[in-house]
Amino acid sequence: MGTGGPVLPSFAARPQGGGTAPCDQRAVFTAVVYALTSGCAWRHLSPTFGTSPATAHRRFTVWTEVGLWRRLHRAVLDELGARGEVVLTSAIVDAASVRAKRGDR
């Protein structure tokens, strides 16, 4: 996207070895978005994405913990706003209903 810096956090190999191997962030992001939008189980992600299902799920978990999805949403809105492509005169609200758990609060 436009003028901002990178949105995806970087990952580095651990100094003691092992851990996160270098991989194409775009491939991982594509695999994660595919899993989230298609309903595909992580374990069934195709090797054609260029990343393992375990890596895709691990990155999704980390990205969720660091608030990537909110920042990405904001970056998209900022970019569209800069282009004059966001019209704030109307909105659609979507809601889901989820049964509350009993017990601990």
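**Entry: Threonine 51.** I looked for threonine 51 and found it in the loop between α1 and α2. Helices are DSSP runs (H or I, at least four residues), strands likewise (E, at least two), and both are numbered from the N terminus. Is threonine 51 buried or exposed? Its relative accessibility is 10%, so threonine 51 counts as buried. The cut-offs are under 20% relative accessible area for buried, over 50% for exposed, and partly exposed in between (1.4 Å probe, protein chains only). I then listed its contacts, where contact means heavy atoms within 4.5 Å. Leaving aside neighbours within four places in sequence, threonine 51 touches Ala27, Val28, Ala31, Ser46 and Ala56.

**Entry: what I am reading.** This is a predicted model: local features need pLDDT of at least 70, side-chain atom pairs count only at pLDDT 80 or more, and totals for chains, interfaces and linings use all residues. Residues are numbered from 1 along each chain as its sequence is written, and side-chain values use heavy atoms, with hydrogens and water left out.

**Entry: confidence.** pLDDT is the predictor's confidence in each residue, from 0 to 100. The protein averages 81, and 75% of the residues score at least 70. Among the elements, α1 has the highest mean pLDDT (94) and α3 the lowest (90). Over residues 1-5 the pLDDT is below 50, and this stretch has six contacts in the model beyond near neighbours in sequence. Where pLDDT is low, the predicted coordinates should not be read in detail.

**Entry: overall layout.** I counted three helices and zero strands. From the N terminus on, the order is α-α-α. The protein has 105 residues, and 15% of them count as buried. I also checked contacts between residues at least 6 apart in sequence: 56% of these join residues at least 24 apart.

**Entry: the core.** Which residues make up the largest nonpolar core? I found 10 residues: Val28, Ala31, Val32, Ala35, Cys40, Leu45, Phe49, Ala56, Trp63 and Leu68. α1 and α2 each supply at least two residues of this core. The largest share, four residues, comes from α1. A nonpolar core is a set of buried Ala, Val, Leu, Ile, Met, Phe, Trp, Tyr and Cys residues joined through side-chain atoms within 4.5 Å. Leaving aside neighbours within four places in sequence, valine 32 is in contact with Trp42, Ala56, Phe60, Trp63 and Trp69.

**Entry: helix α2.** The 13 residues of α2 should span 18 Å at 1.5 Å a residue, and the end C-alpha atoms are 18 Å apart, which agrees. The expected span is 1.5 Å times one less than the number of residues. Thr55, Ala56, Arg59 and Trp63 are the buried residues of α2. They cover an arc of only 100° around the axis, which puts them on the same side of α2. The arc is that of the directions from the helix axis to the C-beta atoms. An α-helix has 3.6 residues a turn, so residues three or four places apart point the same way. On the other side of α2, I found Arg58 and Glu65 exposed. The buried residues of α2 pack against α1 and α3. Glycine 67 follows α2 and has a positive phi, near 80°.

**Entry: helix α3.** Leu68, Leu72 and Glu79 are buried in α3. Down the axis of α3, the buried residues fall within an arc of 35°, so they line one face of the helix. Arg70, His73 and Arg74 are exposed on the other side of α3. The buried residues of α3 pack against α1 and α2.

**Entry: aromatic pairs.** How many aromatic pairs does the structure hold? I found six. Rings of Phe, Tyr and Trp (its six-membered ring) pair if their centres lie within 6.5 Å; planes under 30 degrees apart count as stacked, over 60 as edge-to-face and the rest as tilted. The rings of phenylalanine 29 and tryptophan 69 have centres 6.1 Å apart and planes at 25°, so this pair is stacked. The pair links helix α1 to helix α3, 40 residues apart. Tryptophan 63 and tryptophan 69 pair edge-to-face, at 6.2 Å centre to centre and 80° between the planes. Tryptophan 63 is buried, with a relative accessible area of 0%. Ring pairs link Phe29, Trp42, Phe60, Trp63 and Trp69 into a cluster.
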